[in-house]
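Have a look at it first.

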Amino acid sequence: MDDARDDELLTIGAFAARARLSAKALRLYDRMGLLVPDQVDEATGYRYYRPGQAERARLVALLRQLDMPLAKVADVVHADGPEAAGLLDAYWAGVEARVAGQRTLAGYLRGRLSGRSSEVYGKFAVETVDVPEQVVISETRHTLAGELPAWIGASLGRLEEAARECGGVTAAPFVVYHAEVSMESDGPAESCVPVADEAAARAWSRERGRAWQSRVRVEPARRLAYTRITKAQVAHPQILAAFEAVEEWVAARGWTVTGPCREVYFADWEASGPEDPVCDIAFPVSGAGEGPEPN
């Protein structure tokens, strides 16, 4: 039990021993503003701490054990109780999402490296669905994979807002890949939101669509082969396993891909956890339902 008076001043060495930290760590925390000494001798530069500061020092050390970056540690220790707990919750949710994504990626890479990609693909259930003709408002952009998630969220948000002037959203938003999007290839990709009123959509496009290179078009009726994936599986490159699984499934049946692949977002992204289904990976196909399926 620490029974020292809080008006006592401790040298950095004594305080480091009490807080169970190194003097080097304390100097770093001082520079970051996480734990400032109570006094600094102007002549010698020696740092002095009060015993009561040990609690914050230990809190900082515990947060660092969660691999929390120092900037985020600073936010937590400078917040009040409920706000600090909320910041910790937000950080840890991000950690869990990242680990879930890495777990999925590790499984994908394990299959590829071991030459057992078909086992990875077999984990994806592929089905078909007939989608009717749709009027969509859309944005198109050349983008690399690293920029894609932010652009998808922003563009679909803009289009869903615009859909209010176009009779409302009638089906799940989707993103069409007209060419490969990777760390080296920039597409283009097209964000699409189905809307109810074509005339209103075209009027909106003429008046306000130019700012984001938006347009209105009619998406033809299609049969899609698709697989459903979780939020953790959406990140690049692990999402590639889902695309490849659908392509293999289609090829095994002798069917034909008739249009660009797409991601259909049917769930509330922000409210979904890492293991919640959020997206369908889909390819337009012909031949579905024609002839027996292979064993």
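Q: What should I know before I start reading?
A: This is a predicted model, where local features need pLDDT of at least 70, side-chain atom pairs count only at pLDDT 80 or more, and totals for chains, interfaces and linings use all residues. Residues are numbered from 1 along each chain as its sequence is written, and side-chain values use heavy atoms, with hydrogens and water left out.

Q: At roughly what angle do the axes of helix H1 and helix H2 cross?
A: Axes are lines fitted to C-alpha atoms over the stretch in contact, with angles from 0 to 180 degrees between N-to-C directions. Here H1 (residues 12-19) and H2 (residues 23-32) cross at roughly 100 degrees, their axes coming within 9 Å. That makes them roughly perpendicular (65 to 115 degrees).

Q: Which residues in H1 and H2 meet?
A: Ile12, Phe15 and Ala16 of H1 meet Ala23, Leu26 and Arg27 of H2, with contact meaning heavy atoms within 4.5 Å.

Q: How do I read a salt bridge?
A: Side chains of opposite charge can pair when their charged atoms come close. The rule wants a side-chain nitrogen of Lys or Arg within 4 Å of a carboxyl oxygen of Asp or Glu, and the count comes to 12 salt bridges. Take Glu139 and Arg158, at 2.9 Å, N to O. Glu139 is in strand E5 and Arg158 in helix H7, so the pair ties together parts 19 residues apart in sequence.

Q: Is Glu139 buried or exposed?
A: Buried means under 20% relative accessible area, exposed over 50%, and partly exposed in between (1.4 Å probe, protein chains only). Glu139 is buried at 3%, while Arg158 is partly exposed at 24%.

How values were computed:
Helix = DSSP H or I, 4+ residues; strand = E, 2+ residues; numbered from the N terminus. Parallel < 35°, antiparallel > 145°, perpendicular 65-115°, else oblique.
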